[in-house]
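Here is a briefing on pockets, ligands and backbone geometry. Have the viewer open as you read.

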Amino acid sequence: MQNMDNVFIFDHPLIQHKVSLLRDKNTSSKEFRELVSEVAVLMGYEVTRDLPLMDIEVETPLAVAKTKVIAGKKLAVVPILRAGLGMADGFLKLVPMARVGHIGIYRDHETLEPIEYYCKLPSDIDERDVVLVDPMLATGGSASGAVNFLKKRNVKNIKFMCLIASQEGIRRLHNDHPDVAIYCAAVDEKLNEHGYIVPGLGDAGDRLFGTK
Ligand code: PRP
Ligand code: URA
């Protein structure tokens, strides 16, 4: 994993391989969904690396073992609808006890401005560390808007996990919210005139759900 000032790029071979399959326009929706979930599991493994542990004792068939478990840290995963759902699914395989919040934001296709249409978060979200997930960080407007939602609800520790980021999106999210760590599998060079990441992987929501 490479680190540049609160931005973490996952260079693990399995992640890189799966992201290449995701980029392929011939990958079916079924495969795409499976791959997004698998990459979220692999990324989630690193994103949860700093979870605190506590000591416990467990009786094995032979003796008492002094061992460790996660120290009751409260976590929530919050997908940005729709495409974030695919990543939340993978993250929950790894951390099934996490609560789930949903933030609905779509980009206006003309202005590229984020439009908010839904927000339902666990009632104790202000006591939880939040992993916000969305496969694409393009202009950064959606992610930055979602972080605003969470901060208005007094969430203090937010990590953002995506598959492909643009340099512009990283700059925007980092400038708006320097406290939010950004985790991604690839950083692509540019956006096209429609705000799509190039080369990217296309429209993540449409590819996940077979719409369009
Ligand atoms: C996509 C993507 C992000 C957003 C990124 O969602 O899943 O939420 O665009 O773009 P931005 O960084 O420029 O804001 P989209 O608006 O296509 O909605 P969808 O998930 O419902 O398809
Ligand atoms: N949203 C997507 O789904 N893909 C992009 O490339 C940009 C925004």
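The lining of the second largest pocket holds seven nonpolar residues, one polar and one charged. In this count Ala, Val, Leu, Ile, Met, Phe, Trp, Tyr, Cys and Pro are nonpolar, Asp, Glu, Lys and Arg are charged, and the others, including Gly, are polar. The model is predicted, so to speak with care: local features need pLDDT of at least 70, side-chain atom pairs need pLDDT 80 or more, and totals for chains, interfaces and linings use all residues. Residues are numbered from 1 along each chain as written, chains are lettered from A and ligands numbered from 1 in the order written, and side-chain values use heavy atoms, without hydrogens and water.

**Second largest pocket**
- This pocket contains about 160 Å³ of space.
- Its lining consists of Tyr45, Thr48, Arg49, Leu51, Leu53, Ile70, Leu94, Val95 and Met97.
- A pocket here is an open set of points on a 1 Å grid over the protein atoms alone, where a 1.4 Å probe fits, with protein on both sides within 12 Å along at least five of seven lines; lining residues have an atom within 4 Å of a point.
- Grid points are joined across faces, edges and corners, and the volume is the space filled by probe spheres set on the points.

**Largest pocket**
- The volume of the largest pocket is about 550 Å³.
- It is lined by 28 residues, of which Ala83, Arg107, Asp134, Ser142 and Asp203 are closest to its centre.
- Strand S5 (75–81), S7, S10, H4 and helix H6 (204–209) each give two or more residues to this lining.
- Helices (H or I, at least four residues) and strands (E, at least two) are DSSP runs, numbered from the N terminus.
- By class, the lining has 14 nonpolar, nine polar and five charged residues.
- Ligand 1 takes up the space of the largest pocket, and ligand 2 sits in the largest pocket.
- A molecule sits in a pocket if more than half of its atoms lie within 2 Å of the grid points.

**Ligand 1**
- There are 15 residues around ligand 1, and Arg107, Asp134, Thr139, Gly140 and Ser142 come nearest (a residue counts if one of its heavy atoms lies within 4 Å).
- The shell divides into six nonpolar, five polar and four charged residues.
- Strand S7 (102–107), strand S10 (136–137) and helix H4 (141–152) each supply at least two shell residues.
- A polar side-chain atom of threonine 139 is 2.5 Å from an oxygen atom of ligand 1 (a polar contact is a pair of N or O atoms within 3.5 Å).
- Backbone atoms also take part: a polar one of alanine 138 lies 2.9 Å from a ligand oxygen, and an N or O atom of alanine 83 lies 3.1 Å from a ligand oxygen.
- Protein covers 92% of the 500 Å² of accessible area that ligand 1 has on its own (Shrake-Rupley method, 1.4 Å probe).

**Ligand 2**
- Arg107, Met136, Ala138, Gly195, Tyr196, Ile197, Gly202, Asp203 and Ala204 are the residues around ligand 2.
- By class, they are five nonpolar, two polar and two charged.
- A backbone N or O atom of isoleucine 197 lies 2.8 Å from an oxygen atom of ligand 2.
- A polar backbone atom of glycine 202 is 2.8 Å from a nitrogen atom of ligand 2.
- A polar backbone atom of alanine 204 is 2.8 Å from an oxygen atom of ligand 2.
- Protein covers 88% of the 240 Å² of accessible area that ligand 2 has on its own.

**Backbone geometry**
- Most peptide bonds are trans, and most residues other than glycine have a negative phi.
- The bond from leucine 81 to arginine 82 is cis, with omega near -5 degrees.
- Arginine 82 lies in the loop between S5 and helix H3 (84–94).
- The bond from valine 198 to proline 199 is also cis, with omega near 5 degrees.
- Asparagine 6 is not a glycine, yet has a positive phi of about 70 degrees.

Methods
Polar contact = N/O pair within 3.5 Å; in protein donor to acceptor, adjacent residues only side chain to side chain.
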